[in-house]
Amino acid sequence: MSKFLAFATSTLLPLIALPIMYWVIKNLPKTKPKRTKTNLVLYVHDNFSGHDTSAVTVAGCNGPTTSVLKFGTLVAVDDPVTEGPDRDSREIGRAQGLYINSQMDGKGLHLVFSVVFTEGEYKGSSLEIQGPDPFSVKEREFSVVSGTGFFRFVRGYGIMTTEFIDIPNLRAILKLDVTVKYDSDE
C-alpha cells in the first residue's frame, strides 16, 4: 500500500497542483500602471541677430552665410526657453539642437532638439522633440519622441505657433504647447 501511496502522490500531486496554481495566478489582482498626462506651455526665443544671438547657420549652399530661409541650410540652436512670451519672462531651460531647411521652396524646417530644463519643477530633465516645422503655417504639430529625468519614457506631441516674428532680423518667439503621456506606478 505504501508503494501505491508513493506512486499516487508523485503522479497525482503535480496534476492537481498545476491547475490550482494556474487558477491562483490567473486570479491575482493585476496592477496596471496608471496612465499619466502632462501639459506644458513653453516659449522658445530663436535669435539669429542681436546681443542675445542663440542660433547660427553652420552649413548651406553658400556656407555659413546662407540664410535659414534657403533649402538645405543647417542651423545649430541654443535658444532660451521661458515661462511666458515676454523676453523678460523667467528662463526655465534651453532648446538645444539642430534644424535644417528641408522644403524646396524654403518655407519649411525639420527640427531635432532637446528642451533641457535648467530651473523649476522639471530641472535636470529634458524632452526630445522632432518633426517638421512648415513655419508659414499658423499651427504646426511636432513629435515628442522621448525624454530624461521626470520625462523618462514619455511620448507625445506638441503644437507650435509663432507668437512673434521679425523676418529682417531673423528673430522669433515660438509657443510650444506640449502634451506628453507616460506610465506611472503611483
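A: With a relative accessible area of 0%, glycine 93 counts as buried (buried is under 20%, exposed over 50%, partly exposed in between, with a 1.4 Å probe and protein chains only). This is a predicted model, in which local features need pLDDT of at least 70 and side-chain atom pairs count only at pLDDT 80 or more, while totals for chains, interfaces and linings use all residues. Residues are numbered from 1 along each chain as its sequence is written, and side-chain values use heavy atoms, with hydrogens and water left out.

Glycine 93 belongs to strand E5, which covers 91-101 (strands are DSSP runs of E, at least two residues, and helices runs of H or I, at least four, numbered from the N terminus). Beyond its neighbours within four places in sequence, glycine 93 is in contact with Asp79, Pro80, Val81, Val116, Phe117 and Thr118 (contact means heavy atoms within 4.5 Å). Valine 115 lies 22 residues away from glycine 93 along the chain, and 6.7 Å separates their C-alpha atoms.

Tyrosine 99 is also found in strand E5. Its relative accessible area is 6%, so tyrosine 99 is buried. Not counting residues up to four places away in sequence, tyrosine 99 touches Asp46, Phe48, Ala55, Val68, Thr73, Leu74, Val75, Val77, Leu109, His110 and Leu111. From tyrosine 99 to glutamine 130 there are 31 residues in sequence and 9.4 Å in space, C-alpha to C-alpha.

Tyrosine 99 leads on to the core. The largest nonpolar core has 31 residues, and Tyr99, Phe117, Leu127 and Leu176 touch the most other members (such a core is a set of buried Ala, Val, Leu, Ile, Met, Phe, Trp, Tyr and Cys residues joined through side-chain atoms within 4.5 Å). At least two residues of this core come from each of E1, E4, E5, E6, strand E7 (126-133), strand E8 (139-148) and E10. E10 supplies the largest share, six residues. For Leu127, the contacts outside four places in sequence are Leu40, Phe113, Ser114, Val115, Phe117, Val144, Ser146, Gly147, Phe151, Val154, Val178 and Val180.

The largest pocket comes next. Its lining is made of 24 residues, and those nearest its centre are Asp46, Tyr99, Leu109, Ala172 and Leu174 (on a 1 Å grid over the protein atoms alone, a pocket is an open set of points where a 1.4 Å probe fits, with protein on both sides within 12 Å along at least five of seven lines, and lining residues have an atom within 4 Å of a point). Strands E1 (34-47), E4 (74-82), E5 (91-101), E6 (109-117), E9 (155-166) and E10 (171-184) each give two or more residues to this lining. E10 gives the most, four residues. The lining has 18 nonpolar, one polar and five charged residues (Ala, Val, Leu, Ile, Met, Phe, Trp, Tyr, Cys and Pro are nonpolar, Asp, Glu, Lys and Arg charged, the others polar). The space in the largest pocket is about 360 Å³, a volume filled by probe spheres set on the points.

Leucine 69 sits in the loop between strand E3 (61-64) and E4, and its relative accessible area of 37% makes leucine 69 partly exposed. Leaving aside neighbours within four places, leucine 69 contacts Asn101, Gly106, Phe135, Ile167 and Leu170. Asparagine 101 is 32 residues from leucine 69 along the chain, with 6.9 Å between the C-alpha atoms.

Leucine 170 is placed in the loop between E9 and E10 and, at 25% relative accessibility, is partly exposed. Most residues other than glycine have a negative phi. Leucine 170, though not a glycine, has a positive phi of about 50 degrees. Phenylalanine 153 has a positive phi of about 70 degrees and is not a glycine either. Phenylalanine 153 lies in the loop between E8 and E9 and is exposed, with a relative accessible area of 70%.

As for the whole chain, one helix and 10 strands are present, in the order α-β-β-β-β-β-β-β-β-β-β from the N terminus. Of the 186 residues, 34% are buried. Among contacts with a separation of 6 or more, 48% join residues 24 or more positions apart. The chain exposes about 11600 Å², 60% of it supplied by carbon and sulfur atoms (Shrake-Rupley method, 1.4 Å probe).
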